[in-house]
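These are my notebook entries on what I looked up in this structure. I begin with a pair of helices and then turn to the copies and the domains.

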Protein chains: 2
Amino acid sequence: MTHYSIGVDLGGTNLRIAALDEKGQLLEKVTLGVQVFLGRDHVIDAMCDAISHLIAKYKDSAILAGIGIGVPGIIDMKTGMLRESPNLPGWAEFPVHAEIERRLGTRVILENDANAAALGEKWLGAARHVQDMAMLTLGTGVGGGLVIGGKVWHGMTGMAGEFGHMTLDAEGVPCKCGSRGCLEVYASATAVVRMAREVIASGVSPSLASAASSDPEFSAKVVYNLAIQGDEDARKIFRRVGRALGIALASLVNAFNLPIYVIGGGVSSAWDAFSPAIFEELRQRSLVYAATAPADIAGDQGASAQVEAEGPTRTIITRALLGSDAGLFGAARMPFLVENRY
Amino acid sequence: MTHYSIGVDLGGTNLRIAALDEKGQLLEKVTLGVQVFLGRDHVIDAMCDAISHLIAKYKDSAILAGIGIGVPGIIDMKTGMLRESPNLPGWAEFPVHAEIERRLGTRVILENDANAAALGEKWLGAARHVQDMAMLTLGTGVGGGLVIGGKVWHGMTGMAGEFGHMTLDAEGVPCKCGSRGCLEVYASATAVVRMAREVIASGVSPSLASAASSDPEFSAKVVYNLAIQGDEDARKIFRRVGRALGIALASLVNAFNLPIYVIGGGVSSAWDAFSPAIFEELRQRSLVYAATAPADIAGDQGASAQVEAEGPTRTIITRALLGSDAGLFGAARMPFLVENRY
């Protein structure tokens with residue numbers, strides 16, 4: 001019988017669950033309209049019900065390797081407890097891992113959602129041809145994940161990959177982490193909206209002002225729509241995003257010399273608007289990139305094909321391929337990796 | 001019989017060679033007054049003679065595991081050739097590795113000198129209790145090395161660990177790498193002298209001006225001597241060094257979550273003058289450091305003892321212990337690691 005695993009993405013407003021076989025073939029994907037704000041026990045009940053249903057369904061046709069859950073927060077590697085999770089109030093210091101294992105009677109692995117997304121892109125996405133990669137997820141904040149030798153690199157206490165809090169400007173915009181000028185304050189969806197509001201406040205952009213006043217949910221997506229319509233103020237904002245990403249990536253490329261850096265998360269749909277500035281900064285700022293840049297500097301599909309053909313000798317910066325499924329599929333990958341963490 | 005290896009440090013004005021056994025016990029250390037400017041063949045002759053002499057001497061008492069050579073430049077991992085080495089003119093594109101193996105008839109491993117220094121501190125120095133560590137060497141430039149799982153992490157093409165060229169200030173001082181505001185332009189010996197000359201030029205520091213005019217070889221060491229005598233202008237320069245290191249380390253700690261970051265190289269002898277600023281920046285800028293900082297924030301000897309007792313759960317930033325022997329001993333370590341690279 002084939003082996004399969006179940007991945008859970010607890011990251012957003014929806015709870016999503018997928019069953020995949022060990023080759024990465026999707027067996028089934030379930031999206032539950034679970035309201036995370038209804039609380040921990042409610043979410044765990046719904047999750048365990050849906051998982052039990054899947055387990056019962058595939059019982060006779062495949063062997064369950066385990067369950068992986070991507071969680072928006074820092075996980076204590078020793079206990080499997082959430083240490084901190086602003087998006088999951090009431091979950092911290094609760095033995096999530098033990099409780100779910102107890103209910104389901106099977107092996108459960110928790111992982112930070114950005115790490116799970118990196119693992120998903122490594123398994124089935126933009127980095128599937130390499131063993132080592134880094135990923136930046138541009139969402140409400142900027143998350144990061146690092147995969148070394150095909151596995152998530154956790155660092156000493158499970159906190160590695162916090163690329164969103166690399167300092168780009170020592171005296172820059174204050175960040176909620178306590179520092180200033182972090183990548184996150186220039187390259188997240190929150191940052192795009194803040195920069196747009198700053199431009200509006202300065203009175204120079206009637207187009208942005210009109211978009212903001214006509215849309216009660218003024219978002220990074222609205223700014224992006226203006227940018228693709230050619231609005232210069234909106235385009236400038238995404239050039240700032242790209243510039244910040246380029247500076248951070250230059251430091252990462254110099255430090256890690258990895259074959260692939262994948263940019264995902266909601267803001268990455270604006271790739272066309274911000275990526276030229278990334279490559280401008282990289283070429284200027286990273287001696288390692290200069291020595292290893294692909295001939296096709298835009299480094300997208302062509303570069304992926306190149307890696308497949310030659311093995312990794314070029315530094316590829318590219319957008320994620322799996323969209324919002326990266327974290328879900330990465331979570332499903334975890335039970336297949338031998339590392340038994342708890 | 002015990003196994004031993006021979007390490008070579010080709011980094012400075014002297015050529016240094018050491019024989020160590022597999023436990024790291026020093027058998028013999030030789031310093032040759034070889035003038036690197038006399039050229040490649042001259043240096044290789046002198047090196048091979050000295051190594052042959054050592055091999056003959058220990059032939060009957062120990063088994064030679066191999067020879068490791070630390071070289072100031074980028075090594076092509078596939079061919080063992082130097083790709084680029086400003087301090088070794090005439091060596092690039094020459095098959096150094098093959099030539100030395102041919103002459104000595106034994107296994108030779110080349111390594112970048114900053115990587116070798118990191119491996120030395122991991123084996124016998126400040127990071128001897130952990131498997132994963134990073135090192136910054138503050139010399140003429142700022143070099144870096146990364147050790148993962150007890151071995152040098154080379155990255156895709158052998159260029160990982162270029163921490164000296166992380167961007168700290170996008171619009172900052174131009175760097176010879178082509179970027180601006182790199183760590184190297186604020187934390188190298190060259191940077192200390194440049195900052196001192198800037199202060200002198202501004203006319204505000206009679207003490208620095210007098211030191212510079214009375215000493216034809218005005219160096220970082222002269223500035224440090226003024227700093228330890230309490231000269232406030234000199235002290236300010238080292239606070240700038242520490243601040244730059246702290247900002248860079250905050251990004252590294254957030255990205256890697258390693259147990260130990262070791263600061264070595266000549267400028268690290270000014271540790272007392274610059275390290276307080278490192279910890280100030282780290283506490284403010286790194287959420288990972290804040291979660292894992294040792295109780296004793298100065299993080300020096302006490303911290304090392306703590307790692308020994310508890311295993312790595314705290315982030316230690318500390319000065320190197322081996323001084324200029326780090327690269328030499330690290331080079332000798334390489335033949336003992338199973339990885340056979342060429």
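Entry one, a helix pair. I looked at helix α8 (residues 232-256) of chain B and helix α9 (residues 271-285) of chain B, which pack at an angle of about 40° with their axes 7 Å apart. For my own reference, axes are lines fitted to C-alpha atoms, for helices over the stretch in contact, and angles run from 0 to 180 degrees between N-to-C directions; helices (H or I, at least four residues) and strands (E, at least two) are DSSP runs, numbered from the N terminus. I noted the crossing of α8(B) and α9(B) as right-handed, the term for a near helix turned clockwise from the far one by less than a right angle.

I then listed who meets whom, taking two residues as in contact if their C-beta atoms, placed from the backbone, lie within 7 Å. From α8(B) the residues include B:Phe238, B:Leu245 and B:Leu249, and from α9(B) they include B:Phe274, B:Ile278 and B:Leu282. By class, this contact of α8(B) with α9(B) has 13 nonpolar, 3 polar and 6 charged residues, where Ala, Val, Leu, Ile, Met, Phe, Trp, Tyr, Cys and Pro count as nonpolar, Asp, Glu, Lys and Arg as charged, and the others, Gly among them, as polar.

Entry two, confidence and conventions. I am reading a predicted model, in which local features need pLDDT of at least 70 and side-chain atom pairs count only at pLDDT 80 or more, while totals for chains, interfaces and linings use all residues. Residues are numbered from 1 along each chain as its sequence is written, and chains are lettered from A and ligands numbered from 1 in the order in which they are written. Chain A averages a pLDDT (the predictor's confidence in each residue, from 0 to 100) of 90, and 93% of its residues score at least 70. For the complex the predictor gives an ipTM of 0.91 and a pTM of 0.92.

The contact takes 35 residues from chain A and 35 residues from chain B. On the side of chain A that touches chain B, α8(A) gives the most, with 6 residues, and the classes there are 19 nonpolar, 13 polar and 3 charged. I found that a rotation of 180° with 0.0 Å of shift along its axis superposes chain A on chain B (RMSD 0.0 Å), by least squares on the C-alpha atoms of residues with pLDDT of at least 70 in both. The two copies are therefore related as by a two-fold rotation axis.

An automatic or database assignment divides chain A into domain 1 (2-120 + 326-336) and domain 2 (129-321).
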